Amino acid sequence: MTDHAVRHGPPVVELAGVTKEYPGGVTALRGVDLTVLSGELLAIVGPSGSGKSTLLHVVGTLDRPTSGRVAIAGHDVAALSDRALSALRSRHVGFVFQSFHLVPGLSARANVAEGLLYSGLPRAERGRRAERALARVGLGDRMDHRPHELSGGQKQRVAIARAVAGEPDLLLADEPTGALDTASGRSVMELLHELNEDGATIAVITHDQEIAAALPRRVRIRDGEVVADARNPEAGAAGTEAG
């Protein structure tokens, strides 16, 4: 653990004894403990109904836990008002979803810039950051294209650019290859590896065991509990070289 801590920075995510219960007696999370250090690349893997989507919502501060402690980038979520929590989320967490969530009538540049609306940055700076982010994900020649003019893989790259444009402490990718063909999915995973090598902290939420096995750390969740947390030091290099 010491070597691991040396390679990575301070905790970005700290969960201790986290539970989440919903009306009707449904318990989605049962005493989850999880720490993610700055610079990590990990998979949170589990079948449908395992609690991984609820865990995503709690880690992403989209939902508050029923009990337990959640800290993101050193901030205790329980101590924050809803408004402060929204500010924390906009500054520290980036999201990538399976269905892209792009605005149909806007260009790739405008879609990425829109993700910075609540950053407090001037419009011109938001545009510059959007262009840099799109160039970073290999879409420097597609900035004026609208979503219908892009392939599925390119749409997901726009979504990733939007998520990283604000340089968040944590990137949460929820089934990022779920709507893509095999080649596009592999390309997106290679991009996530590259972003991680550049210092991004990334958690990939997936049911795909093959994707999970290719990442340096794999956290398995079942019935709302973490049932395994394993490291695979060779996976990072293997994943980057794939394809």
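This dialogue goes through how to read a predicted protein model.

Me: What kind of model is this, and how are residues numbered?
Reply: This is a predicted model: local features need pLDDT of at least 70, side-chain atom pairs count only at pLDDT 80 or more, and totals for chains, interfaces and linings use all residues. Residues are numbered from 1 along each chain as its sequence is written, and side-chain values use heavy atoms, without hydrogens and water.

Me: What does the pLDDT average?
Reply: pLDDT is the predictor's confidence in each residue, from 0 to 100. The protein chain averages 91, and 94% of the residues score at least 70.

Me: Where does pLDDT stay under 50?
Reply: Over residues 1-6, with five contacts (heavy atoms within 4.5 Å) beyond four places in sequence. Residues 237-243 also stay under 50, and the model has eight such contacts for them.

Me: How many helices and strands are there?
Reply: Both are DSSP runs, numbered from the N terminus: helices are H or I, at least four residues, and strands are E, at least two. The protein chain has nine helices and ten strands.

Me: How does the radius of gyration read?
Reply: The radius is taken over C-alpha atoms, and the globule rule is 2.2 Å times the number of residues to the power 0.38. For 243 residues, a compact globule would be near 18 Å; the protein chain has 17 Å, which agrees.

Me: What share of the residues is buried?
Reply: Buried means under 20% relative accessible area (1.4 Å probe, protein chains only). Of the 243 residues, 46% count as buried.

Methods
Buried < 20%, exposed > 50% of the residue type's maximum accessible area, 1.4 Å probe, protein only.
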